[in-house]
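Welcome, and thanks for taking a look at this one with us.

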Amino acid sequence: MRKPSDRVAAWEWWRQALDAMPADVPADPQCGLYKTRRSDRTWAAASIDLDQHIDFETGELTEPEQLLCFVDGRARDADEAWLFLAKHPISEAEHERLRRQPRVTDLSKEVVV
């Protein structure tokens with residue numbers, strides 16, 4: 001098939017955005033860790049990463065690469081989520097904190113894990 005994308009290069013925009021938000025946001029989703037708002041206005045962890053199926057003998061892709069996007073633990077369309085996520089890159093520590101943070105629903109006052 002073809003050679004896989006360089007994973008370090010795929011995450012470069014996110015690393016730069018952590019240091020200083022670039023003036024220009026790419027139109028295409030970029031790999032990285034982000035936060036987004038839930039409907040109750042609390043923050044939720046989000047991530048975009050490359051799904052690569054690589055033949056270990058040849059080092060080539062066995063299937064086309066695709067972006068995987070997870071928002072609050074659920075798979076989402078990376079293109080649809082990107083415009084909001086791009087404005088909110090976060091560190092690995094913040095992503096982990098948001099991912100593990102229990103949530104209290106307004107209606108039940110029960111913790112949702």
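Two strands count as a pair if DSSP finds at least two bridges between them. With that in mind, Leu-50 stands opposite Leu-67 in S3. The model you are viewing is predicted. It has four helices and six strands, and from the N terminus on these elements follow the order α-α-β-β-β-β-α-α-β-β. Of its 113 residues, 31% count as buried.

**The four-stranded sheet**

- Four strands make an open sheet in the order S1-S2-S3-S4, with antiparallel pairing.
- S1 and S4 (74-76) are at the edges with a single partner strand each, so one side of each has no neighbour in the sheet.
- From one strand to the next, the twist averages 35°.
- Strands of a sheet pair through backbone hydrogen bonds, which may be parallel or antiparallel in arrangement.

- S1 (residues 32-37) pairs with S2 (residues 43-51) in the antiparallel sense, over six bridges.
- The bridge partner of Ala-46 in S3 is Val-71, while Leu-50 is placed opposite Leu-67.
- Seven of the nine residues of S2 are buried, so this strand is largely enclosed by the rest of the structure.

**Helices against the sheet**

- Helix H3 (residues 78-85) lies across S1, S2, S3 and S4, and runs at about 80° to S1.
- Helix H4 (residues 92-100) lies across S1 and S2, and runs at about 120° to S2.
- Which residues of H2 are buried? They are Trp-13, Trp-14 and Ala-17.
- Seen down the axis of H2, these buried residues fall within an arc of 95°, so they line one face of the helix.
- The packing partners of the buried H2 residues are S1, H3 and H4.

**The nonpolar core**

- The largest nonpolar core has 21 residues, and the members that touch the most others are Trp-11, Trp-13, Tyr-34, Ile-48, Cys-69, Trp-82 and Leu-85.
- Two or more residues of this core come from each of H2 (12-19), S1, S2, S3 and H3.
- In soluble globular proteins, nonpolar side chains tend to be buried together.
- Beyond its neighbours within four places in sequence, Trp-13 is in contact with Met-21, Pro-22, Asp-24, Val-25, Pro-26, Gln-30, Tyr-34, Trp-82 and Ala-86.
- Across the protein, residues 24 or more positions apart account for 53% of the contacts with a separation of 6 or more.

- Where is Gln-30? This residue is found in the loop between H2 and S1.
- Buried means under 20% relative accessible area, so Gln-30, with a relative accessible area of 19%, is buried.
- The side chain of Gln-30 reaches the backbone oxygen of Asp-28 at 3.1 Å.
- Leaving aside neighbours within four places in sequence, Gln-30 is in contact with Ala-10, Trp-13, Ile-48 and Trp-82.
- Glu-65 has its place in the loop between S2 and S3.
- Is Glu-65 buried or exposed? At 17% relative accessibility, Glu-65 counts as buried.
- The side chains of Glu-65 and Ser-5 are joined by a polar contact of 2.6 Å.
- Apart from neighbours within four places in sequence, Glu-65 is in contact with Arg-2, Pro-4, Ser-5, Leu-50, Asp-51 and Gln-52.

Terms used: Residues are numbered from 1 along each chain as its sequence is written. This is a predicted model: local features need pLDDT of at least 70, side-chain atom pairs count only at pLDDT 80 or more; totals for chains, interfaces and linings use all residues. Side-chain values use heavy atoms; hydrogens and water are left out. Axes are lines fitted to C-alpha atoms, for helices over the stretch in contact, and angles run from 0 to 180 degrees between N-to-C directions. Contact means heavy atoms within 4.5 Å. A nonpolar core is a set of buried Ala, Val, Leu, Ile, Met, Phe, Trp, Tyr and Cys residues joined through side-chain atoms within 4.5 Å. Buried means under 20% relative accessible area, exposed over 50%, partly exposed in between (1.4 Å probe, protein chains only). The arc is that of the directions from the helix axis to the C-beta atoms. A polar contact is a pair of N or O atoms within 3.5 Å; within protein, one must be able to donate a hydrogen and the other to accept it, and residues adjacent in sequence count only if both atoms are side-chain atoms.
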